[in-house]
Amino acid sequence: METDVLIIGGGTAGCFSALTISESSNLKVIITDKANIKRSGCLAAGVNAINAYIGKGETAESFVDYVKRDAEGIIREDLVYSIAKGLNQVTKRLEDLGIPILKDENGEYVQRGKRSIKINGENIKPILAGAVTDKDNIAILNNVNIVDYLVKEDCVIGAIGFSLKENKIYEIYAKKILCATGGASGLYKPNNPIFSRHKMWYSPFNTGAGYAMGIRAGAEMTSFEMRFIALRCKDTIAPTGTIAQGIKTVQINGKGEAYVERYGKPTTHMRLYSTVMENLKGNGPCFLRTEGITDEQQKEFFKAYLNMAPAQTLKWLEGNTGPSHENVEIEGTEPYIVGGHTASGYWVDCHRRTTLKNLYAVGDVAGGSPKKYVSGCLVEGEIAAMSIINTIEDGTIPKLDNEAINEKIQYISYFFDTPSSRHSIQEIEIAMQKIMDEYAGGISKAYMYNKVKLDIAAKGIDELLSLIDKVKANDLYDLLSIFEIIDRLYVCKVLIKHLEARKETRWRCYQENTDFPEKDDENWMKYINSVYRDGDVNILFRQLVGRDKFYEHTN
Amino acid sequence: MSIQIDKNKCISCGKCCDICPGNLIDKDDENKAFIRLPEECWGCTACLKECPVEAIKYYLAADIGGKGGYMYSKNHGEYMDWYIVSADHKKYCIKINKKVSNAY
């Protein structure tokens, strides 16, 4: 197939990029999604707030200040600033598309916090998907799993993948390629192993494919060591912000004491760190104090969670209880790599171009701009779309020669032909999660790691990668699972090297290096980037980029 | 495990197979929907919302505090009715107006 623009991933950023291109040009767009874009990815169940919004009294500048402070100074200010300037406009666009936003008697949005507004986002994916489906120049390929980019002479010219519904391999060429896939979950042993192992914060089906494709193609990546670990309701892993911000309640330990501020400024990672430490000290379990809220408030929480994390409402009501009767226990999740929350992802310029020619990255896979959330992903989608429209050129798209493309097709088909292996796909997944948990700072080690452990982790991940060629696929779902585990292993490889490279502890829990337990501003106010080449992750350091700089790649 | 599909109620429409973000639901030899790996389910409930005959129930496994209760939904266009049945068979119904924002 051939198109002007190929968008890989039909989530928030991908759909909004496609919409922008469709409404501002005549370019033809193909969106691929490995599920059905109506409910794919991290917004499948919904979302109940827009958490990146310039509220009353705030400005784009104060938003950047906040993100910088929360991320201990290591952000791409230029990227965050460009996002901040577009947040309110895209939120209005979201409302125009049909997302209900709570308003006061004056018709103004009701704020949940300085940078958060209340919505009903249960339908956010169906609404976004509906908007792109209506466009004549957008084609959607659902249930197509993209495996790798097609690269010719250091230029990305398309992508290759396979259908999950029929025996078909897709070879798609495009003038511009935009990666808008999700981040990576399932790298570490989860909170609830065995029966409920996928009851995690982030979509378990976001397995880091977009990162892994870029890594294998030699794209520069940034800040993988800034992991994201969510503070969530225990067991259900439902968001805590709805309660914490909704009724301005506090975190308390088992003794009923408010504890967060004992540990310093209550940044996102310090709320988590303080909870982990209280548990280590024997002061747990920790809770959000909700006992005594009104019945009306409780009913509203039941509704709010049904629109986003229905398991939490089920958990309360199936036990005939609720937050007015009992405090909500909280805990940290396993670590994730997700650029919508932290700074990990592709190293992009101000137009969201990656270091690979013709390849853009937006949303969860674009690095440098933490706390972009849903609305920030929309802005990034728009920025990339406008750059694509302004720079796309007429002309024929180069193609891979037959030998090169056949090699890629054979690689995808290969897993059906391997003899039965000793190890199942699930075994390899569990082994990877165990290695990462124990040696690369997982839950069981209170997120801490050191050099000796990371060396063991790196060796273990390489050994698992060498086993992959012996794994067999019996059907298309198995084939998907194999490529998902390959992608996760590549993300692990890069993550481990990044964790090792930052010889300080910058973000409690997110990056807790016990060899260097303190923050070191003198030496480490810089980005850790990497490029994968010939099996090795090569680390490079880059200087911080300020907010008024329009950073463009020079190499 | 997280969802259960009632084969007797399933009308083989395939909507749940199409919508699952994890590609976890397929049809069996009798053309009825089944979840291939229940322990891989995220619990997003996309399938419940698509099912036109309320054949799919969502429940929590014991390891995350499930006590035997379950939930299912009825979609009425602008409204969504959620039914939650507790372990002791008490039934709750919560009506959600999709056009109205959450209060929190």
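Predicted model: local features only at pLDDT ≥ 70, side-chain atom pairs only at ≥ 80, totals over all residues.
Helix 4 of chain A buries Leu87(A), Val90(A), Thr91(A), Leu94(A) and Glu95(A). These residues lie on the same side of the helix, because they cover an arc of only 150° around its axis. Gln89(A) and Asp96(A) are exposed, on the face turned away from that buried side.

## Helix 4 against helix 11

Helix 4 (residues 87-97) and helix 11 (residues 373-391) of chain A have axes that come within 9 Å. They cross at roughly 100°. The two helices of chain A are therefore roughly perpendicular.

From helix 4 of chain A, the contact takes in Leu87(A), Gln89(A), Val90(A), Thr91(A) and Leu94(A). Helix 11 of chain A supplies Val374(A), Ser375(A), Gly376(A), Leu378(A), Val379(A) and Glu382(A). By class, this contact of helix 4 with helix 11 has six nonpolar, four polar and one charged residues.

## Helix 14 against helix 15

Helix 14 (residues 451-467) and helix 15 (residues 476-501) of chain A cross at roughly 160°, and their axes come within 10 Å. The pair is therefore roughly antiparallel. The crossing is left-handed.

Helix 14 of chain A makes the contact through Lys451(A), Leu454(A), Asp455(A), Ala457(A), Ala458(A), Ile461(A), Asp462(A), Leu464(A) and Leu465(A). On helix 15 of chain A, the partners are Leu489(A), Tyr490(A), Cys492(A), Lys493(A), Ile496(A), Leu499(A) and Glu500(A). This contact of helix 14 with helix 15 has 11 nonpolar and five charged residues, and no polar ones.

How values were computed:
Residues numbered from 1 in each chain as written. Chains lettered and ligands numbered in written order. Heavy atoms only, no water. Axes fitted to C-alpha atoms, helices over the stretch in contact; angles between N-to-C directions. Helix = DSSP H or I, 4+ residues; strand = E, 2+ residues; numbered from the N terminus. Parallel < 35°, antiparallel > 145°, perpendicular 65-115°, else oblique. Contact = heavy atoms within 4.5 Å. Nonpolar A, V, L, I, M, F, W, Y, C, P; charged D, E, K, R; others polar. Left-handed = near helix turned anticlockwise from the far one by under 90°. Buried < 20%, exposed > 50% of the residue type's maximum accessible area, 1.4 Å probe, protein only. Arc of directions from axis to C-beta.
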